[in-house]
Each structure stands twice: as structure tokens, then as C-alpha cells.
Amino acid sequence: MNEERKDEEQPTIPEVLPVLPLRDIVIFPFMIVPLYVSRDRSIKAVDQALAENRMILLAAQKSQDEDEPTPGDIYPVGTVALIMRMLKLPDGRIRVLVQGLSRARTVSYDEDLPHLQAKIETVAEPPLTEAGSLEIEALMRNVKAALERSQNLGKPISPEVVVIANNMEEAGRLADLTASNLDLKVEGAQAILEALDPAERLRRVHELMTKELEVLTMQQEISSQAKGEMDRTQREFFLRQQLKAIQSELGEGNELAEEIVQLAEKAKKAKMPKPVLEEVQRQLKKLERMHPDAAETATLRNWLDWMVTLPWSKSTKDNLDLKEAQRILDEDHYGLEKVKERIVEYLAVRKLKDEMKGPLLCFVGPPGVGKTSLGRSIARALGRKFIRLSLGGVKDEAEIRGHRRTYVGSLPGRIIQGIHQMGANNPVFMMDEVDKVGADFRGDPSSALLEVLDPEQNFSFRDHYLGVPFDLSNVMFITTANLTDTIQPAFLDRMEVIRLPGYTEEEKLQIARRHLVPKQLEEHGLTPEQLVFTDKALRGLINSYTREAGLRNFEREIAAIARKVARRVAEGEKGKVRVTPGSLQRYIGAPKTLPEERLKKDAVGIATGLAWTATGGDVLFVEASTMKGKGRLTLTGHLGDVMKESAQAALSYARSRAKEWGIRDEFFAANDLHIHVPEGAIPKDGPSAGITMATALISAFTGRAVRCSVAMTGEITLRGHVLPIGGLKEKILAARRAGIETLVCPKLNQKELDEVPSILKRGMTFHLVDEVDEVLKLALVPAPASKASPSGKKAGPRPYRARPGRQVTV
């Protein structure tokens with residue numbers, strides 16, 4: 001930017017001018033500056049100015065992000081400028097050289113034109129008073145001196161600007177010139193542009209110059225310190241080199257040679273496989289020939305240090321006492337019999353056969369059921385060390401395999417790092433959240449884990465950093481996941497999946513009494529003589545304050561009560577606190593969840609289904625109604641594609657059996673059908689609501705009510721067969737909570753039903769069915785003797801409540 005003093009008179013400025021909005025700069029009068037213009041409206045504004053008098057109003061935008069600024073987005077005070085030159089660039093932009101003439105304020109905008117145009121009024125500076133002339137003279141001298149000193153301290157100010165400033169006698173122009181060379185932000189520069197009084201403007205500029213000088217002075221001091229530090233480092237380097245030369249002459253202090261001898265001894269003691277030992281010895285010979293200060297020397301030293309400290313042959317001794325292992329597992333966890341049985345079986349085989357590959361287990365279950373803590377318990381029962389690696393959000397393959405050692409700061413992958421940290425080659429290695437592993441341009445960690453978790457390959461796992469095979473076959477790998485849907489099929493195929501369903505109320509009660517309550521008492525410094533929970537209070541916490549398959553929220557509520565009691569004890573209150581159902585609300589507030597309810601009475605067109613959710617199971621109501629129309633089917637309730645297809649299949653089945661149910665042929669063509677599954681804000685998907693939808697539809701077509709005491713689950717086919725479903729235990733739990741006595745489920749789920757604990761099935765009647773006809777006989781109320789033609793009347797009132805924040809799979 002240049003300052004050019006014009007002796008000739010200012011040209012006449014018209015009242016209406018095109019407006020050019022500026023993104024990140026404020027132009028002051030008498031500045032000469034090049035501008036690049038790329039926006040269409042701005043280019044049209046420049047063309048308009050060139051076609052008339054070459055004058056244009058330059059005004060700054062309030063926000064740089066606005067591509068199409070409106071009059072409200074532009075500051076009202078700008079600078080009238082003269083376009084001196086214009087050059088069109090190959091990319092469509094134009095380059096203009098402008099010179100500021102005078103300040104101007106916009107009066108109004110004409111928004112009907114293809115470019116911004118405004119009516120303006122020029123702003124004249126008020127004359128200086130004689131009273132302030134001495135102050136102005138002092139300020140001008142200070143500003144000139146500060147500008148020159150800034151240049152001397154390294155600020156990039158043109159010498160021509162300093163010369164022009166020293167010869168300048170007008171306070172306002174000196175302030176503008178100085179401000180244009182201060183690299184101010186738009187807001188600060190605009191404030192100076194809008195200051196019309198030259199004296200006030202000069203004061204502001206003087207304050208800014210004072211701050212700028214302080215910053216420049218501090219910057220110079222920092223640079224001087226850095227230079228002094230660099231000189232000291234170079235001096236130390238030369239002195240150390242001289243010291244090494246002296247020690248070499250005296251035959252002393254060869255550190256690298258001593259380190260090589262130590263590494264060679266450690267390599268022999270590590271009992272590495274022969275190929276690995278040969279590679280280490282080869283690298284040691286290479287290290288002997290390298291200069292101690294070479295960059296590659298440090299890299300090779302680090303690699304050798306990793307190699308000689310890895311537990312190539314170190315392993316912990318397994319606890320082969322089956323009864324002791326069973327005792328430890330039972331002590332740490334209540335229930336989970338399948339997992340415990342699998343671990344004891346592994347120990348039994350290990351006791352009979354010394355060399356055995358470690359099993360690969362995958363615990364799948366909802367959050368909070370104890371998957372991670374179960375891994376720690378398994379390690380304790382086996383007498384092995386425990387490593388946990390969280391794979392949630394991991395997207396880089398190098399996290400598993402490491403980086404090649406040629407990269408600066410490279411390290412082995414997390415597998416080798418964990419084994420190195422434990423100091424044993426047979427730990428229990430738990431990989432959490434394998435269903436949340438990502439993939440991007442850096443590779444797919446799931447693919448890298450295929451080698452790690454395959455017993456046929458992991459005996460020669462090759463980490464990129466080590467470059468030699470490491471035997472992982474003795475490691476017991478355990479993975480955890482909430483769902484198996486997102487796990488890569490080849491990855492899932494290598495694992496033995498053990499599903500951990502949600503806990504029943506009785507199981508939660510036992511776990512609380514044995515583990516959660518004692519743990520929270522200890523963590524809060526309390527004793528059983530100070531705080532006691534009754535069984536009814538714990539059941540109240542389970543049913544009225546938590547809705548989950550696991551135990552995390554349950555434990556949080558117990559901890560909240562323990563904190564309240566700990567405060568009372570710390571304040572000096574004595575006596576035992578007995579927590580009962582009546583005192584829960586006093587400690588932790590009103591109940592957070594309400595128990596699920598069944599339908600109050602038999603109703604037409606509404607059937608009770610069951611769904612699996614991440615927190616266990618839930619009751620699902622399916623409504624169906626008919627109305628006059630043209631045979632259209634409407635599905636609402638945030639249904640997924642699979643559930644919509646189930647509704648279509650249920651309708652097709654109902655139409656194919658219309659005659660059997662006394663439904664006239666013209667009924668479907670003359671009526672619209674609507675199926676709704678509350679609550680509408682919750683996503684729902686899955687095939688197991690098929691028989692529920694078919695029951696609701698046929699109830700609506702025939703006018704026969706559905707029994708409110710019957711809940712059902714099962715997939716439907718066009719021929720009326722009932723196919724098996726998943727999550728049966730969770731669905732039985734939901735039915736039990738809702739007080740439903742009769743449950744209809746597929747006959748092919750007989751095996752899953754047999755595995756459900758008998759305490760859950762107590763007081764309930766189960767009907768195993770193969771055909772939808774069997775479902776309808778059980779669910780529909782018999783038709784009265786005086787029954788008329790099919791009715792399309794709607795279902796009764798909704799007896800359910802919204803329960804947001806969950807996703808339902810039926």
C-alpha cells in the first residue's frame with residue numbers, strides 16, 4: 001500500500017455510486033492498493049464504475065463468510081475510491097488498482113440492480129481547534145517516531161512510508177497512513193475509519209502504535225534468547241566432540257561399544273527363536289560400524305531394546321485347579337454359567353495336554369452386563385496377567401501392526417506393546433468394542449486383526465516395527481461387542497461367540513447383595529452397620545429407577561444413596577440407615593421409569609407384540625384400522641424396511657384367507673388400511689412383528705377383539721407359517737414386567753425357551769405355534785352369535801406411554 005499526496009483538487013464525487021464490499025480489508029483515503037474481485041455482483045459494480053466516472057464506494061463486510069452480502073451486512077462508512085487500472089485475469093477474476101479519495105456514509109441502497117449501488121454523502125473532517133494544537137503536535141511527533149522505531153524493530157514497513165509520514169503535517173492523514181500499516185483486524189480498522197475527528201483518530205492510532213512497539217520489543221527479546229540458546233548448544237556440541245576425542249586417546253568411555261555388549265548378552269538370555277536371534281545379531285554387527293551420533297543409530301538402538309526385552313519365552317504358570325478356578329469365577333460374578341463352563345472346560349483340556357492353542361472367545365451382549373469385568377475374572381482364575389485394549393473408534397491399521405521402524409517416532413502396534421508391558425507371552429488379552437472398529441484411508445484394523453485372532457496364523461504374527469514373527473498362539477484372546485451385525489464376517493467367523501443376555505430382576509437382586517452394595521459401601525467409607533438396603537428397596541431401584549439389561553445405572557443409583565448417607569455420617573449423625581421402598585424418593589427423587597403396562601381390556605384392531613431393545617425387551621402395540629377409500633395401505637410409526645415388508649406380508653396373508661374369515665371380496669378395494677406402531681419417535685425394525693400385524697389386521701377386518709392378556713412374537717410367511725425369532729429371553733422379561741400371562745411364540749424357538757430360567761416362566765403360559773391360524777384362535781375373542789358383516793371400526797384408546805431414547809428391533 002502506498003500513500004500519494006495530490007496537489008490538484010479532489011474530483012467531484014457524485015451522490016450515487018456502485019458499492020464494492022470488501023471481505024478482509026478496510027481502505028483509507030489516499031491509499032493506493034490492488035484488489036482482486038471475483039464475485040459476480042462485485043465485477044458488475046466495477047464495470048458500472050468504469051462505464052461512468054471510474055469512482056466506486058469501498059465498504060468492508062461485517063462478516064467475511066457472506067458470499068452475497070446485503071446492505072445490512074456492510075458497514076455504513078466506507079471510502080470513495082478512484083479505479084486507476086483494471087486487468088482481467090484468465091480465471092475470470094479482475095484485478096483493479098484503486099486510490100482512496102474521501103470518507104463517505106451510505107444513505108440508502110438501490111437493491112433492484114444486478115450490483116450493489118448506494119446513495120452516499122461525503123464526510124468532511126471537523127477543523128482542529130487552537131486549544132488542542134499542542135497536543136496534536138505532540139501526538140504527531142510520537143506517532144512518527146513510533147513508526148520509524150517499528151521499522152527498526154523488524155516490522156515490514158516500506159522506507160517510503162516512513163519518509164512520507166515524516167514530511168506529513170495533517171493529523172488526519174497521518175493517522176490514516178499509520179493505521180493502514182498496522183495490520184489491524186477489520187473491526188479495529190473500521191473503528192478508525194469511522195472516527196471523523198482527526199484528533200480522536202490520532203489518539204487511537206497512538207495507542208495502537210504503543211501496543212505494537214511493546215509486542216515488537218518482546219519479540220526481539222525472545223529472538224535474542226533463542227539465538228543465545230542455539231549458540232550455547234553449538235558450543236556444548238563442540239566441547240563434547242573434543243571430550244570424546246580426548247577419551248578416545250586415553251582409551252576410555254566408549255559408550256556405544258559397552259551398550260552393544262549389553263544388548264548381545266540380553267539377546268542370549270531372552271531365548272529368542274533362532275531366526276530372530278540371527279536377525280538381532282546381524283543388526284548388532286551393523287550397529288558396531290555406525291557412527292554414535294548418526295540418526296539411524298538411535299533408531300536401531302530403540303529397535304534392539306524392544307527386541308531383547310520382549311517376553312519371547314517368558315510365561316506365567318496356569319492355575320490348573322478346576323475347583324479353585326470355579327470358586328474364583330463364582331466369587332466375582334453371579335450367573336453367566338455358559339461362560340464359566342467354557343473356561344473350566346479349557347482348563348480341563350489344558351490340564352490333560354500341555355501344548356494347547358488359546359481359545360478365541362467373543363462376548364456379545366448389551367452394555368453393563370459385565371463383559372469387561374468377566375475378562376479380568378477369567379485372568380484371575382487362570383493365574384494369568386490381563387491386558388485390555390479398546391478398539392472403539394480405531395481406524396488406523398498401524399494401531400494393530402505398528403509402523404515400520406524407518407519412520408520417525410515409530411513404535412510397535414498395541415498388541416506387541418501390551419505383551420511387552422505385561423512381561424509374559426500368555427496373558428489374557430481383552431479387545432473391547434470390536435463392533436465399533438472403523439476403517440479409512442489408513443487401512444482396516446479388522447483385516448489386520450484377522451491374522452492376530454486366527455489360531456492357524458498367529459503363531460507367526462509379524463509386527464511391522466519388529467519385522468520378525470512373534471508367537472501369539474499362547475495368548476488367550478477375548479473380544480467384546482454389543483452387536484454382531486457390524487463385525488466383518490471373516491472376523492466374526494474366527495471367534496467363538498458367547499452371548500450374555502440381560503439380567504433378570506432376581507439376578508440383579510443377587511448381584512446387588514453380593515457385589516454392588518459391598519463395593520459401594522467400601523468406596524464411600526461406610527460399613528454394613530451404617531447403611532442397609534432391604535430387598536424390596538433394591539427391587540424398587542431395579543423397576544422404578546432403571547431400565548437396562550446391565551447394571552451400570554443400577555450401581556449409580558446405589559452410589560447416589562451411599563453419598564447421601566456418607567454426608568450424614570460425616571456431619572456427625574449416628575445410627576443405622578435402613579433404605580426401604582418408602583425412603584427411595586427422599587434420597588434420589590421421583591421414579592425415573594414407570595413399569596410397562598398391558599392393555600386394559602380386549603380391543604378391536606390392536607394387538608400386543610414383543611420387541612428386543614438394547615436395554616433388554618419391551619412391549620410393542622400394533623394398531624390397525626380401516627376406513628372408506630381405495631384399498632391403500634398406510635404404515636406409520638418410524639418403521640424400518642424389514643418391518644414394512646412384514647406388514648405387506650401380513651396383509652397378503654389376510655387377503656388370501658378372506659373367505660375363511662367371512663370378509664367380502666369387495667371389502668379390500670373399497671377400504672383403506674392403516675397400520676400404526678407407537679411410539680412414532682422411536683425407530684423400529686425387524687421381522688418378528690409379523691404375526692402381531694396379521695392379528696391386528698384380521699381383528700380390524702372382522703370386528704373381533706384381541707385378548708389383552710395375550711402377547712405374541714414371530715415372523716410370518718405368505719403361506720401363514722410362523723418362523724423363529726431372536727431375543728426370546730428379553731421378550732419374556734418384557735412380558736413379565738407388563739403383567740402378561742399368555743405368550744405366543746414360534747414352535748421352532750422351543751430350544752431357546754427350554755434354556756430360559758424356570759423362574760422367569762413361572763406363572764406364565766406359553767403356546768408354541770407353527771401356523772398363523774393357531775395364533776388367531778388363541779388371540780381373537782370368539783365372534784358373537786349375532787355377528788354381522790366385517791367391520792372397520794377403529795381400535796380403542798391407547799394404554800401406553802412414550803419412552804424416548806431407545807431403538808426397537810422386533
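Guide: Three helices, α12 (371-382), α17 (505-523) and α19 (552-570), each give at least two residues to the lining of the second largest pocket. Helices (H or I, at least four residues) and strands (E, at least two) are DSSP runs, numbered from the N terminus.

Visitor: What counts as a pocket?
Guide: On a 1 Å grid over the protein atoms alone, a pocket is an open set of points where a 1.4 Å probe fits, with protein on both sides within 12 Å along at least five of seven lines; lining residues have an atom within 4 Å of a point.

Visitor: Where do these models and numbers come from?
Guide: This is a predicted model, where local features need pLDDT of at least 70 and side-chain atom pairs count only at pLDDT 80 or more, while totals for chains, interfaces and linings use all residues. Residues are numbered from 1 along each chain as its sequence is written, and side-chain values use heavy atoms, with hydrogens and water left out.

Visitor: Back to the second largest pocket. Which residues lie nearest its centre?
Guide: His333, Gly368, Val369, Gly370 and Ser373, out of 25 lining residues. The volume of this pocket is about 620 Å³, a volume being the space filled by probe spheres set on the grid points, which are joined across faces, edges and corners.

Visitor: And what is the volume of the largest pocket?
Guide: About 1500 Å³. Its lining has 42 residues, and Arg499, Pro501, Gly727, Leu728 and Glu730 are the closest to the centre.

Visitor: Which element supplies the largest share of that lining?
Guide: α24, with 4 residues. Among the others that supply at least two are strands β14 (496-499) and β18 (606-613).

Visitor: New topic. How many disulfides are there?
Guide: The count is 0, a disulfide being a pair of cysteine sulfur atoms within 2.5 Å.

Visitor: Is Cys708 buried or exposed?
Guide: Cys708 is buried, at 8% relative accessible area. Buried means under 20%, exposed over 50%, and partly exposed in between (1.4 Å probe, protein chains only).

Visitor: Which residues of helix α3 are buried?
Guide: In α3 (residues 159-166), they are Val161, Val162 and Ala165. Seen down the axis, they fall within an arc of 100°, so they line one face of the helix; the arc is that of the directions from the helix axis to the C-beta atoms.

Visitor: What's on the face turned away?
Guide: The exposed residues Pro159 and Glu160.
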